[in-house]
Amino acid sequence: MTIIILSTTTKCVRFCKYIAIAIDIVYDISMKKILFVYNPVAGKGNIKNKLSKIIEAFSSDENTLITYATKANNDAYHHIVQFGQQFDRIICSGGDGTLNETINACMEIAYKGKLGYIPTGTVNDFSKSIKMETNLDRLLDNFNTEIHFQSIDVGKLNERYFVYVAAFGSVSEVSYSTPQNTKNSIGKVAYILEGLKKLTRQDKIHMRIEYDDGIIEDDFCLGLITNSLFIGGMNFFKEDEISLDDGYFECIFIKYPKGPITLNQTLFDITTRNFENTDKMYAFKTKTLRITSKKKIKWTVDGEYGGTYKDATITNYQKAITILK
Ligand SMILES: Nc1ncnc2c1ncn2[C@@H]1O[C@H](COP(=O)(O)OP(=O)(O)OP(=O)(O)O)[C@@H](O)[C@H]1O
C-alpha cells in the first residue's frame, strides 16, 4: 500500500510517515497471507492452463498472494522451510513429489496454518483418499470459504516424512523410476502388478519387523506402510476399514512367493483385497515400526525415492497437518 504525503514542514512529514507505517501494519495484519507454490512440470504440465483461474481466486482485498514456481527437485521444500512461517495458508500444486516436499517442509517448521493442495500429478492417490473436490472452481471456492478441511496423520521414516505411503521392494520403485509419459498413459498400479510377475531371487528381502503387537521375521518382496485408501491408483482399502487421522498405519507385508502357483495366489489376494484371510502376507495396524535387515533396503515415500537403510524406524504423528479440500 502506498500513501502519498503532501506537507510543508519536516515535523508534519515525519508524523504522517508514522501514520502511514501504522496503517501499513494494520493493513498487513488484517490480510490473509497466502503462499502458492507450484511445480510447472508436474503431470502433463497442465497447471499452466489453470494458473490464471487460481491467481484470480486468491486475489481479493482480504488476501495477499505470493506465487512461487519450483525450479528443481527439493525447491518447494527449501522455499517453504525458508518462508512458510510468514504465511497463514500454504497452497501447493504438483504431483506426489511436490506434495511430499511441502509436507516435509511444514513438519520441519512445525507449521500450524491450513494447507491446500491442487493435484496435477499422474495418479493423485492422496487427493482421492481424502475425497478432495475434483472440480477446480469448487476446490478454489472451498479454499476461500474453508468449510471443508481434514486433519491427517503424517508418518516419518527415519528422517523423511510421508503423508500416505512408505514402501520397500523393487516393485515399489516403479513409482519414481517409470518415465512420466508411461505413467500418464498406463498408471502406476499396472507397473506394480507387472513388477510382481517378474520377481527374481534378488527381490527376496529377509527382514525383522517389530511393531506394536509383536515381531515378525520372514522373506518379503514388497512392504507397504500406508495412510491412504488408494495406493498406485488402486483402491486398497474400504472406507470403513481405515481412518486417516487415528494415529495408526495400515501395513501390508507381502511374503516372497516360492513358486508360480504361490505367486498367482498372491496376485489374486492383492487384486481382490484379501489381506486378512491369507498366508501370503501379513496385514496389521500399528503406530510404530522398526524394520531391520542385513542388506541395505531402498525405500520410497509418497511414490518418491525415500532413502536406503538397514534399519528403518517409522513413527506416526497423529493429526499433524490440516488440509483444505
Ligand atoms: N521446474 C522443475 N523442473 C524439473 N523438475 C522439477 C521442477 N520443479 C520440481 N521438480 C521436481 O519434479 C519431480 C516430480 O514432481 P511431482 O511429483 O510434483 O510431479 P509428477 O512426477 O508429475 O507427479 P506424480 O509423482 O504424481 O506422478 C519432483 O522431484 C520435483 O522436485
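Figure 1. The model is predicted: local features need pLDDT of at least 70, side-chain atom pairs count only at pLDDT 80 or more, and totals for chains, interfaces and linings use all residues. Residues are numbered from 1 along each chain as its sequence is written. Threonine 120 belongs to the loop between strand 4 (114-119) and helix 5. Helices (H or I, at least four residues) and strands (E, at least two) are DSSP runs, numbered from the N terminus. Threonine 120 is buried, with 22 other C-beta atoms within 10 Å. A residue is buried if 20 or more other C-beta atoms lie within 10 Å of its own, exposed if 12 or fewer, and partly exposed in between, with C-beta atoms placed from the backbone. Between the C-alpha atoms of threonine 120 and aspartate 96, which are 24 residues apart along the chain, the separation is 8.9 Å.

**Figure 2. The shell around the ligand.** The ligand is surrounded by 22 residues, and the closest are Ala42, Gly94, Gly95, Gly97 and Gly121. A residue is near a molecule if its C-beta atom, placed from the backbone, lies within 6 Å of it. Helix 4 and helix 8 (180-186) are the elements that give two or more residues to this shell, and helix 4 gives the most, with 3 residues. By class, the shell around the ligand holds 5 nonpolar, 13 polar and 4 charged residues. Here Ala, Val, Leu, Ile, Met, Phe, Trp, Tyr, Cys and Pro count as nonpolar, Asp, Glu, Lys and Arg as charged, and the others, Gly among them, as polar. Both domain 1 (10-152) and domain 2 (160-319) give residues to the shell, so the ligand lies between them.

**Figure 3. The contact between the two domains.** The domain assignment of the protein chain gives domain 1 (10-152) and domain 2 (160-319); such bounds come from an automatic or database domain assignment. In domain 1, 17 residues are in contact with 22 residues of domain 2. The elements that give two or more residues to the side of domain 1 that touches domain 2 are helix 4 (96-108), helix 5 (125-129) and strand 5 (149-157). Helix 4 gives the most to this side, with 7 residues. The side of domain 1 that touches domain 2 has 7 nonpolar, 6 polar and 4 charged residues.

**Figure 4. Helix 4 and asparagine 100.** Among the buried residues of helix 4 are Asp96, Gly97, Leu99 and Ile103. At 1.5 Å a residue, the 13 residues of helix 4 should span 18 Å, and its end C-alpha atoms are 18 Å apart, which agrees; the expected span is 1.5 Å times one less than the number of residues in a helix. Asparagine 100 lies in helix 4. With 25 C-beta neighbours inside 10 Å, asparagine 100 counts as buried. Apart from neighbours within four places in sequence, asparagine 100 is in contact with Phe162, Val163, Val301, Asp302 and Glu304. Asparagine 100 and aspartate 302 are 202 residues apart in sequence, and 6.5 Å apart in space, C-alpha to C-alpha.

**Figure 5. The largest nonpolar core.** This core has 70 residues, and those with the most contacts inside it are Ile90 and Ala166. A nonpolar core is a set of buried Ala, Val, Leu, Ile, Met, Phe, Trp, Tyr and Cys residues joined through C-beta atoms within 7 Å. Strand 15 (residues 304-324) gives the most to the core, with 6 residues. Domain 1 (10-152) and domain 2 (160-319) each supply at least three residues to this core. Leaving aside neighbours within four places in sequence, alanine 166 is in contact with Gly155, Leu157, Ile225, Trp299, Val301, Gly306 and Ile314.

**Figure 6. Two loop residues with positive phi.** Most residues other than glycine have a negative phi. Lysine 131, although not a glycine, has a positive phi of about 55°. Lysine 131 lies in the loop between helix 5 and helix 6 (136-145), and with 12 C-beta neighbours inside 10 Å it counts as exposed. Arginine 273, likewise not a glycine, has a positive phi of about 55°. Arginine 273 is found in the loop between helix 10 (260-271) and strand 13 (281-286). With 13 C-beta neighbours inside 10 Å, arginine 273 counts as partly exposed.

Conventions
Two residues are in contact if their C-beta atoms, placed from the backbone, lie within 7 Å.
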